[in-house]
Amino acid sequence: MFLKRLDVVGFKSFAEKISIDFVPGVTAVVGPNGSGKSNVTDAVRWVLGEQSAKSLRGAKMEDIIFSGSDTRKALNFAEVSLTLDNETNSLPIDFHEVSVTRRVYRSGESEFFINNQGCRLKDIIDLFHGFRSWERSVFHHQPRESGRNP
Ligand SMILES: Nc1ncnc2c1ncn2[C@@H]1O[C@H](COP(=O)(O)OP(=O)(O)OP(=O)(O)O)[C@@H](O)[C@H]1O
Ligand SMILES: [Mg+2]
């Protein structure tokens, strides 16, 4: 199963919409300290169903919504979509490409979509059920202290 694309808007430091295409050969995200590398992996874990604000390095879920900067107002919602290749039917759904989307508003309201169809958080969690240990090993590592990454 391959990650194809990550679309992020309003999530943590990503005020503007960004898209990352995981074309073959992409194996790492690099950038200076504080540039948003961990926010990318937080976005992947969040869209896959993470429910612990603490594990996303916040105190409450609202903390993942872009909170403003010197030049930009805070946003009212965060949205992340992850598109995966499902040619090999690794995911138990009859589509060759699967996108999952999660959106949260400051009001606390949440929305979830699988291939643009509204669904429950549980449906997303169930979809990736067989991949929980994979997800944990890839995205739950504790990064080394800032500035000491090799
Ligand atoms: N809700 C938010 N709104 C705006 N900015 C945010 C929000 N949450 C986090 N940030 C910003 O994200 C930045 C940290 O990003 P991140 O932890 O992904 O960096 P990093 O590239 O992993 O850094 P390091 O190399 O130190 O691990 C900080 O500047 C922080 O202010
Ligand atoms: Mg980091």
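I shall speak about salt bridges and then about strand pairing.

Let me say at the outset that this is a predicted model. A search of the whole structure returns 13 salt bridges, and I shall discuss some of them.

I begin with R5 and D7, whose side chains form a salt bridge with an N to O distance of 3.1 Å. How accessible are the two partners, R5 and D7? R5 is partly exposed, at a relative accessible area of 31%. D7, by contrast, is buried, and its relative accessible area is 10%.

I turn next to D42. The side chain of K12 meets that of D42 in a salt bridge, at 2.8 Å from N to O. Where do these two residues lie? K12 is in the loop between β1 (2–9) and β2 (18–21), while D42 belongs to helix α1 (residues 37–47), so this pair ties together parts 30 residues apart in sequence. Buried means a relative accessible area under 20%; K12, at 13%, therefore counts as buried. D42 is buried too, with a relative accessible area of 3%.

D42 also forms a salt bridge with R57, and here the closest N and O atoms are 2.9 Å apart. R57 sits in the loop between α1 and β3 (77–85), whereas D42 is in helix α1, so the pair ties together parts that are 15 residues apart in sequence. Is R57 buried or exposed? At a relative accessibility of 52%, R57 counts as exposed.

Which residues are linked in the network of salt bridges? The members are K12, D42, R45, E50 and R57.

I come now to the strands, and to β3 in particular. How many of the 9 residues of β3 are buried? The count is 8, so β3 is largely enclosed by the rest of the structure.

Two strands that pair with β3 deserve mention. β1 and β3 pair in the antiparallel sense, over 7 bridges, and V8 stands opposite V80 in β3. Strand β4 (residues 97–105) also pairs with β3 in the antiparallel sense, over 9 bridges. In that pairing, A78 has V104 in β4 as its bridge partner. As a general point for inspecting the display, side chains in a regular strand alternate between the two faces of the sheet.

Terms used: Residues are numbered from 1 along each chain as its sequence is written. Chains are lettered from A and ligands numbered from 1 in the order in which they are written. This is a predicted model: local features need pLDDT of at least 70, side-chain atom pairs count only at pLDDT 80 or more; totals for chains, interfaces and linings use all residues. Side-chain values use heavy atoms; hydrogens and water are left out. A salt bridge is a side-chain nitrogen of Lys or Arg within 4 Å of a carboxyl oxygen of Asp or Glu. Buried means under 20% relative accessible area, exposed over 50%, partly exposed in between (1.4 Å probe, protein chains only). Helices (H or I, at least four residues) and strands (E, at least two) are DSSP runs, numbered from the N terminus. Two strands pair if DSSP finds at least two bridges between them.
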